Amino acid sequence: MIVISVLLSTRMEVVLQSVRTFLRVPKIPKVIRWCHTNSSGLSYFHKVGKYPLAYRTIGQELSRVVSEFGDRQAYICVEENKRFTYGELKIQADRLAAGFQAIGLTKGDRLGIWAPNVSMWPIVMFAAARAGLILVALNPAYEAPELEYCIHKVGMKALVTSESFRTKDYYDKLLQIIPNLNTFSPGKIHSKRFPFLQSVIINSEKYFPGTLRLSDVESLATTSQIGKIEDQQKVISPDSGCNIQFTSGTTGNPKAALLKHFAIVNNAIDIGRRVELENKKICMPVPFFHVYGVVATVMAGLSAQANVVVPSAVYSPDKTLLAIRDEECQVIYGTPTMYVDLVNKQRERKYDLKAEIGAIGAAMSTSHLCREIINVLGLKKLKVCLPEDTNEQAFKTVGQVQDHIEVKVIDSAGYLVPFGVPGELCARGYLLMSGYWGDEEKTKETLGDDGWLRTGDQFVLQADGYGKIVGRLKEMIIRGGENIFPKEIEDFLASCPQIAEVHIVGVPDKRLGEELCAFVRLRAECESFTEKDIKEFCKGKISYHKIPKYIEIVTEFPKTLSGKIQKFKLQQWFEKKYDKKNMLRTDL
């Protein structure tokens with residue numbers, strides 16, 4: 001025993017001496033760390049996370065929040081005059097989850113939701129997650145052929161919908177693609193066109209032949225079945241798919257991107273921290289179906305115990321501004337187009353607003369618009385970055401790389417470009433999609449075997465991990481051999497005091513291959529401003545080849561429901577107005 005004790009003591013002394021030696025060289029770890037992270041001036045950046053990732057599902061995250069903050073207000077749906085807490089949300093979601101299982105839906109089945117911004121949307125989302133289903137978020141503006149494509153694409157087993165959207169009666173649209181829907185028993189659809197589809201569920205007090213009412217599905221579950229939903233959260237993997245987002249389909253049929261629980265939960269937690277959402281009221285006019293709604297609103301709001309205020313079922317600048325005022329929202333969500341509307345309305349109304357933070361999603365905003373948002377809406381800051389970032393960083397960049405994510409910028413051959421040089425942005429990390437549902441070829445084009453996703457964005461990365469989007473690669477205009485990115489010119493023209501909004505597209509040109517066409521919406525008091533005036537504004541400020549040859553004054557732009565400008569429709573409009581072959585006007 002004595003010998004052993006001596007040996008152990010000697011061994012311990014050696015270990016302690018090694019530790020003391022290591023501690024006496026405090027600068028070595030920093031040097032080693034710098035060597036490992038230095039990328040030799042090339043565009044690669046890895047943001048090491050400050051906090052560990054959470055290995056949880058959406059359902060488990062709901063349970064976690066409710067266990068501590070169940071009595072906290074979750075949603076205020078102003079137009080519907082409905083309010084409910086996170087505890088009440090979980091109760092309703094579990095009852096509906098058990099109801100979904102009662103009508104035959106099982107883990108991994110695809111459940112579509114085709115509805116505007118109504119209170120049932122987050123309830124259905126959490127019910128699907130807690131039942132182990134994959135929620136397919138559908139644009140409420142879809143027409144019958146678009147809906148048909150989506151049902152087919154993902155093999156949808158059930159569809160939840162509202163009675164209507166704007167002037168559109170959803171049941172009539174369903175009869176266009178399932179003409180004999182009214183002959184089936186509720187929950188027992190047998191359609192050759194849709195072999196997987198079994199149930200259509202409508203959120204209505206009315207009965208529609210061949211469909212189930214949402215309230216009836218909720219009432220199908222027994223108390224025992226509802227109680228089992230919590231236990232089932234243990235057997236749903238965070239790595240399993242839970243949400244399908246359809247792309248906008250501007251270059252072809254929409255692709256169905258599959259997202260997993262782990263990606264959505266952790267992305268939402270990070271967004272909540274960055275935007276400082278904890279315990280705040282968020283005005284949310286953006287659509288639920290979009291990833292802005294699913295991740296940045298529903299999930300980020302949950303993780304931050306925030307209160308989501310939904311002004312109206314369909315976006316309305318008037319109702320949004322009133323909701324911000326009446327509910328005293330501290331955070332405003334919106335797309336650049338929505339902010340343009342809100343700034344114009346606030347100039348007229350001059351409401352006393354309590355908002356402090358604005359979060360912008362979708363298209364990159366101009367510095368001019370960012371400053372107007374701050375000044376007119378009375379915000380303290382815009383959030384696309386980190387809590388400590390300045391407004392200038394928010395105005396001029398898209399922020400810094402998120403925690404736990406790698407990014408790089410490459411040239412057309414796939415090699416890294418130097419920091420500050422444009423190239424294609426690629427990303428790798430937990431938040432990427434698993435792939436495109438039923439489309440292995442498109443998945444391989446976008447998501448490599450090495451885990452890098454090619455975004456299609458022309459991007460400039462800085463050494464500090466901040467960066468800015470130059471434009472979309474597919475939107476790049478090649479004029480006489482010169483590569484021109486529309487965003488640069490859009491940003492410049494947006495600084496003209498008379499211009500409210502501008503979008504640039506490439507149009508065919510017989511000699512140069514492509515020319516620039518600017519579609520311009522003027523401010524209300526500037527209708528007399530002409531195409532000639534716009535070109536005069538450009539002279540001496542930007543290169544001659546960047547001055548648009550064509551300028552079209554418009555009063556509105558074609559947009560998706562999420563506020564994204566449909567540039568392909570602008571190009572189609574141009575081709576109708578001008579002779580594509582000879583570039584001669586056809587309306588003269």
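Aspartate 270 and arginine 274 sit four residues apart in helix H10 (residues 261–275), so about one helical turn separates them. Helices here are DSSP runs of H or I with at least four residues, strands are runs of E with at least two, and both are numbered from the N terminus. The two side chains meet in a salt bridge, at 3.0 Å from N to O; the term stands for a side-chain nitrogen of Lys or Arg within 4 Å of a carboxyl oxygen of Asp or Glu. Aspartate 270 is buried at 7% relative accessible area, and arginine 274 is buried at 8%. Buried means under 20% relative accessible area, exposed over 50%, and partly exposed in between, with a 1.4 Å probe and protein chains only.

A word on the basis: this is a predicted model, where local features need pLDDT of at least 70 and side-chain atom pairs count only at pLDDT 80 or more, while totals for chains, interfaces and linings use all residues. Residues are numbered from 1 along each chain as its sequence is written, and side-chain values use heavy atoms, leaving out hydrogens and water.

## Other salt bridges

The count comes to 39 salt bridges. In one of them, lysine 173 pairs with glutamate 143, with the closest N and O atoms 2.7 Å apart. Lysine 173 belongs to helix H7 (residues 170–177) and glutamate 143 to the loop between strand S5 (134–138) and helix H6 (144–154), so this pair ties together parts 30 residues apart in sequence. Lysine 173 is buried at 17%, whereas glutamate 143 is partly exposed at 35%.

Lys90, Asp94, Arg130 and Glu230 are linked in a network of salt bridges.

## Nonpolar cores

A nonpolar core is a set of buried Ala, Val, Leu, Ile, Met, Phe, Trp, Tyr and Cys residues joined through side-chain atoms within 4.5 Å. The largest has 93 residues, and Phe100, Leu111, Trp121 and Tyr333 have the most contacts inside it. Helix H5 (residues 120–130) gives this core its largest share, nine residues. Another core lies apart from it, with 30 residues that include Leu147 and Phe184.

## A three-stranded sheet

Strands S25, S26 and S27 form an open sheet in that order, with mixed pairing; two strands pair if DSSP finds at least two bridges between them. S25 (499–509) and S27 (550–553) are the edge strands with a single partner strand each, so one side of each has no neighbour in the sheet. S25 and S26 (residues 513–522) run antiparallel and are joined by ten bridges.
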